[in-house]
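Dear colleague,

I am handing over to you the structure below, and after it you will find an account of what was found. Please read the account with the structure open beside you.

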Amino acid sequence: MPRPLTLVTVAGAALFARLALRRRIRVSPLWPMPALAEPVSGRPRSRALRLRVAARAIVAEGVVQLRLEGGRLPGWEPGAHVDLVLPSGRVRQYSLCGDPADSAAYTVAVRLVAEGRGGRGGSREVHELLREGSEVEVRGPRNRFPLVAAPSYVFVAGGIGITPLLPMLRALPEDARWRLVLAGRTRASMPFLAEVERLGGDQVTVVEGRPDLDALLTDLPEGAAVYCCGPEGLMAAVAERVPHVRLERFAPGSLRDGTAFEVELRRSGRVLTVPADSTALAAVRAALPDTAYSCEQGFCGTCRQRVLAGEVDHRDELLGDAERADSMLLCVSRARSRRLVLDM
């Protein structure tokens with residue numbers, strides 16, 4: 001039976017003054033904040049790094065941890081992630097779960113997910129092909145899941161979803177008021193469980209199986225920052241109960257506000273229909289199978305195409321304002337107009 005969730009607020013200003021000084025991380029001074037930062041026009045692209053797998057370890061059932069080294073690396077803050085360009089060319093996003101003060105390495109942890117159970121092949125490549133001594137291209141880091149200033153915190157993690165939250169827990173001062181709900185199939189399947197329990201003691205509720213969110217997420221203190229990362233079902237359930245929750249997801253979510261529209265491929269002379277429950281990428285690839293794509297999440301930019309006419313409903317995390325004026329990412333973005341005309 002999960003323990004009741006109790007939180008005590010503290011003075012946010014004093015807490016984060018100490019956090020910034022002691023941990024050397026930058027936190028937003030504003031509350032509430034949007035879950036996703038708006039892309040900035042003209043922002044520089046993160047340069048690609050060629051890193052080596054310096055260490056590899058199994059940290060839970062089906063979870064491998066990689067330490068990636070390659071000289072002095074760009075800094076990062078809790079909540080950040082990197083893109084790994086895998087041997088097949090696939091691009092996958094993984095949260096950094098190491099120490100931001102360690103400028104010599106990035107650490108990621110990846111659960112093996114069967115392709116038939118929601119996986120798309122990336123995790124199998126990491127587990128089977130990335131060994132000690134392997135080289136891998138890394139892009140980033142980027143952070144759309146930052147730790148914000150708040151009087152108290154609730155963290156909800158499902159299995160491997162603990163990875164972006166772990167650096168946040170480490171960064172909080174000892175007197176910070178927070179609570180973590182960590183759920184998974186079994187304790188053996190939960191990565192970093194021993195460290196999390198050391199960090200939090202009775203502030204951590206570990207649940208084997210489905211957590212009772214109605215009991216755990218009721219009567220939250222005003223202004224509490226709620227973070228969640230894990231399976232889509234868990235995040236959707238938390239979002240139903242806590243509208244201001246901050247979510248981190250690296251898998252395609254369900255289509256929101258989907259309406260059908262047309263895509264005209266100007267150079268090939270075709271007009272395609274994009275159903276309300278599908279994507280422009282799927283429609284285009286059905287007609288032009290060689291169309292390049294990778295992440296299917298609006299991060300990597302592989303499926304970017306030039307837009308000649310029509311109004312785009314941009315839903316990506318990559319393009320800046322200037323780029324959005326004449327481009328779109330087919331994997332996630334949709335149309336506000338009846339038809340989009342693409343230079344394809």
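Asp-219 lies in the loop between helix H5 (213-216) and strand S10 (225-229), where helices (H or I, at least four residues) and strands (E, at least two) are DSSP runs, numbered from the N terminus. Phi of Asp-219 is near 55°, a positive value in a residue other than glycine, and the residue counts as exposed because its relative accessibility is 77%; here buried means under 20% relative accessible area, exposed over 50%, and partly exposed in between, with a 1.4 Å probe and protein chains only.

Before going further, please note that this is a predicted model, in which local features need pLDDT of at least 70 and side-chain atom pairs count only at pLDDT 80 or more, while totals for chains, interfaces and linings use all residues. Residues are numbered from 1 along each chain as its sequence is written, and side-chain values use heavy atoms, with hydrogens and water left out.

A positive phi in a residue other than glycine is also found at Phe-192, where the value is near 65°. Phe-192 has its place in the loop between strand S8 (178-184) and helix H4 (193-200), and with a relative accessibility of 12% it counts as buried.

Strand S8 itself deserves a careful look. Since 7 of its 7 residues are buried, S8 is largely enclosed by the rest of the structure. The cover extends to both faces, with Trp-178, Leu-180, Leu-182 and Gly-184 buried on one side and Arg-179, Val-181 and Ala-183 buried on the other.

Strand S7 (residues 153-158) runs parallel to S8 and is joined to it by 6 bridges, with Ala-157 standing opposite Leu-182 in S8. Strand S9 (residues 204-208) also runs parallel to S8, through 5 bridges, and Val-207 in S9 is the bridge partner of Ala-183.

The helices between these strands complete the picture. S7, helix H3 (residues 165-171) and S8 make a right-handed β-α-β unit, and S8, H4 and S9 make a right-handed β-α-β unit as well; a crossover is right-handed if, with the strands pointing away from the viewer, the path from the first strand over the helix to the second runs clockwise.

Turning to an open sheet, you will find 5 strands in the order S13-S12-S18-S14-S16, with mixed pairing. Strand S13 (270-274) and strand S16 (327-329) stand at the edges, each with a single partner strand, so one side of each is left without a neighbour in the sheet. From one strand to the next the twist averages 40°, where axes are lines fitted to C-alpha atoms, for helices over the stretch in contact, and angles run from 0 to 180 degrees between N-to-C directions. Strand S14 (residues 304-309) runs antiparallel to S16 and is joined to it by 3 bridges, with Met-328 in S16 as the bridge partner of Gln-305.

S1 and S2 form a hairpin with 2 residues between them, and Gly-62 in the turn has a positive phi of about 80°.

Finally, which peptide bond is cis, with omega near 5°? The bond in question runs from Gly-140 to Pro-141, and Pro-141 has its place in strand S6.

With kind regards

How values were computed
Pairing = 2+ DSSP bridges.
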